[in-house]
Amino acid sequence: MAAAGPNGSDDEFIELYNSNPWAEDVSGYQISGAADYTFPAGTSIPARSYRVIAAKATDVTAVYGLSGVLGPFTNSTTGNPTNVLDNG
């Protein structure tokens, strides 16, 4: 995660990884704490793949060339690590 990217872009992001061999439905799940975000209905993380949530999705897409970036999340993780834990 970063506070400011090239040319003043806001490229702060959270990356989640699904290590399962099946897609994981995260509809309605929430991230809370230093960053807050609720996943919209129909959102899943493909098997053994990533999902990126950004403070400003267009900036993260432009800076890193990613597609399917979700966001925005509210608050800021700058200087405040956000942990997303798997209870499994």
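## Basis of the model

Residues are numbered from 1 along each chain as its sequence is written, and side-chain values use heavy atoms, without hydrogens and water. In this predicted model, local features need pLDDT of at least 70 and side-chain atom pairs count only at pLDDT 80 or more, whereas totals for chains, interfaces and linings use all residues.

## Nonpolar cores

The largest nonpolar core comprises 12 residues, among them I14, L16, F39, I53 and L70. Such a core is a set of buried Ala, Val, Leu, Ile, Met, Phe, Trp, Tyr and Cys residues joined through side-chain atoms within 4.5 Å; buried means under 20% relative accessible area, with a 1.4 Å probe and protein chains only. Strands β1 (13-18) and β4 (35-38) each supply at least two residues of this core; strands are DSSP runs of E of at least two residues, and helices are runs of H or I of at least four, numbered from the N terminus.

A second, separate core of 6 residues includes V52, A57, V60 and V69.

## Residue A57

A57 belongs to helix α1 (residues 57-64). A57 counts as buried because its relative accessible area is 19%. Beyond neighbours within four places in sequence, A57 is in contact (heavy atoms within 4.5 Å) with V69 and L70.

## Residue R51

R51 is part of strand β6 (residues 49-54). The side chain of R51 reaches the backbone oxygen of S44 at 2.4 Å. Residues touched by R51, not counting those up to four places away in sequence, include I14, L16, F39 and L70.

Definitions and conventions: A polar contact is a pair of N or O atoms within 3.5 Å; within protein, one must be able to donate a hydrogen and the other to accept it, and residues adjacent in sequence count only if both atoms are side-chain atoms. Buried means under 20% relative accessible area, exposed over 50%, partly exposed in between (1.4 Å probe, protein chains only).
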